[in-house]
Amino acid sequence: MVASSSDVRHVLHASALDDTVWHTVLDAAVEYKTHDTRTDAAAGKTIGLLFFNPSLRTRTSMEVAAAHLGADSTTLTPGEGTWNLAWTDGAVMDGDAAEHVREAIGVLSRYHDALGVRVFASGTDYKADKRDDLIHRVADAATVPVINLESAWAHPCQAVSDASLLTERFDGDTAGRDVVLSWTYHPKALPMAVPNSTVKMAARCGMNVTVARPDSHALDDDVMDAAQSLADPHGAEVTATDDLDVAVEDADVVYAKSWGGPMVYEHPEREEEIRTQSRDWRITEERMDRTDDGAFLHCLPVRRNVVVDDAVMDGPHAAHLDQAGYRLHAQKALLDYVWSLD
Ligand code: CP
């Protein structure tokens with residue numbers, strides 16, 4: 001029996017989790033972390049993982065999360081040992097792609113009880129990336145739950161995991177804490193999935209979020225507005241500034257991330273020019289010392305002494321390894337949700 005796509009619990013964006021589910025998942029993640037729980041609750045189930053882009057944490061933590069619940073996983077890297085896939089509707093497939101994503105996902109849905117898919121932004125079509133077209137095409141073709149392992153516009157696994165870490169760090173009392181999401185220099189124009197998800201995640205936790213970035217690298221207005229809507233019930237504020245040194249003053253958390261931003265799509269040369277002139281947007285020990293004993297977070301991978309100094313990575317503010325560790329616990333909680341294991 002193949003379920004219709006509307007019957008299944010996809011996790012394409014964190015907004016797919018209503019407030020009850022959101023809190024259940026966060027609490028479960030903290031529980032999994034606290035007790036390092038292993039169960040056979042998902043024995044006999046399998047998850048298929050497709051990575052169109054590289055990964056260290058997401059791939060490994062999802063495989064281990066499945067194993068800790070008694071499930072099996074298989075991981076595919078399309079084009080490396082599998083067929084190259086076509087994406088577009090009506091594609092005339094006389095090029096490299098031997099198979100269409102509709103068949104690939106339709107077939108894998110018949111083998112697996114859930115799929116996890118990573119497919120990054122095109123970097124060329126802003127509207128399509130903002131609509132998150134590719135991950136939605138996957139979900140449309142699937143008949144089992146699809147977990148977004150980072151798409152063009154969102155990284156819900158990272159968001160749920162970071163919210164779980166912050167919930168534990170602040171003993172469930174995240175509301176009113178001050179978070180700085182800091183743009184940082186990077187030699188490449190990186191996608192916006194993580195900053196988009198982070199600003200909304202922190203706002204949903206009731207934290208005051210300051211997005212510190214050069215004016216050229218402002219996040220999409222709709223993302224900022226959505227974040228403010230999530231902050232409103234908590235009386236929290238989501239703001240932006242181009243002064244990182246002021247932003248970090250007394251902050252509880254500094255979350256560093258690099259992104260190219262909307263300018264990459266329209267004026268890539270100009271974006272690169274501004275970015276390369278912005279090397280001082282780096283998290284230093286001096287900046288962390290201005291915080292209120294703040295935690296340094298980064299989703300990783302991170303470039304030492306480009307994005308953040310060694311003194312921070314190896315110093316007392318560093319929380320990025322625990323942050324990465326939480327991915328395992330949070331994804332066990334997400335598998336509970338998509339497989340209705342509770
Ligand atoms: N943060 C994160 O998603 O890491 P990977 O790209 O290594 O999976």
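Mentor: Pro156 lies in helix α6. It's a predicted model, where local features need pLDDT of at least 70 and side-chain atom pairs count only at pLDDT 80 or more, while totals for chains, interfaces and linings use all residues. Residues are numbered from 1 along each chain as its sequence is written, and side-chain values use heavy atoms, with hydrogens and water left out.

Trainee: Okay, is Pro156 buried or exposed?

Mentor: Pro156 is buried, at 1% relative accessible area. The cut-offs are under 20% for buried, over 50% for exposed and partly exposed in between, with a 1.4 Å probe and protein chains only.

Trainee: And what is Pro156 in contact with?

Mentor: Skipping neighbours within four places in sequence, Pro156 is in contact with Val11, Leu12, His13, Ala14, Asn148 and Ser197. Contact here means heavy atoms within 4.5 Å. Glu285, by comparison, is 129 residues from Pro156 in sequence and 30 Å away in space, C-alpha to C-alpha.

Trainee: At what angle do α6 and α14 pack?

Mentor: Helix α6 (residues 156-169) and helix α14 (residues 320-338) pack at about 110°, with axes 8 Å apart. That makes α6 roughly perpendicular to α14. Axes are lines fitted to C-alpha atoms, for helices over the stretch in contact, and angles run from 0 to 180 degrees between N-to-C directions. Under 35 degrees counts as roughly parallel, over 145 as roughly antiparallel, 65 to 115 as roughly perpendicular and the rest as oblique.

Trainee: Is that crossing left-handed or right-handed?

Mentor: α6 passes α14 in a right-handed crossing. Right-handed means the near helix is turned clockwise from the far one by less than a right angle, and left-handed means anticlockwise. Among the residues making the contact are Cys157, Val160 and Glu168 of α6, and Tyr326, Arg327 and Leu334 of α14. The contact residues divide into six nonpolar, five polar and four charged. Ala, Val, Leu, Ile, Met, Phe, Trp, Tyr, Cys and Pro count as nonpolar, Asp, Glu, Lys and Arg as charged, and the others, Gly among them, as polar.

Trainee: Which residues do α7 and α8 bring together?

Mentor: Asn196, Val199, Lys200, Ala203 and Arg204 in α7 meet Val223, Met224, Ala226, Ala227, Leu230 and Ala231 in α8. By class, that contact has eight nonpolar, one polar and two charged residues. The axes of α7 (residues 193-204) and α8 come within 7 Å and cross at roughly 15°. That makes α7 roughly parallel to α8, and the crossing is right-handed.

Trainee: Switching topic: how many salt bridges does the whole structure have?

Mentor: A search finds 18, each being a side-chain nitrogen of Lys or Arg within 4 Å of a carboxyl oxygen of Asp or Glu. One of them joins Glu168 and Lys33, at 3.2 Å from N to O. Glu168 sits in helix α6 and Lys33 in helix α1 (residues 19-35), so the pair links distant parts of the chain, 135 residues apart. Glu168 is partly exposed at 29%, and Lys33 is partly exposed at 34%.

Trainee: Where do Asp222 and Lys130 lie?

Mentor: Asp222 is in helix α8 (residues 221-231) and Lys130 in helix α4 (residues 126-131), so their pairing ties together parts 92 residues apart in sequence. Their side chains meet in a salt bridge at 2.6 Å, N to O. Asp222 is partly exposed at 46%, as is Lys130 at 28%. Shared partners join Lys130, Asp220 and Asp222 into one network.

Trainee: What joins Leu300 and Pro301?

Mentor: A cis peptide bond, with omega about 5°. Pro301 is in the loop between β11 (295-297) and α13 (310-313), and Leu300 has its place in the loop between β11 and α13. Leu300 has a positive phi of about 65° although it is not a glycine, and Leu300 is buried at 13%.

Trainee: What about Asp171, buried or exposed?

Mentor: Asp171 is exposed, at 73% relative accessibility. Asp171 is in the loop between α6 and β7 (178-183), with a positive phi of about 55° although it is not a glycine.

How values were computed: Helix = DSSP H or I, 4+ residues; strand = E, 2+ residues; numbered from the N terminus.
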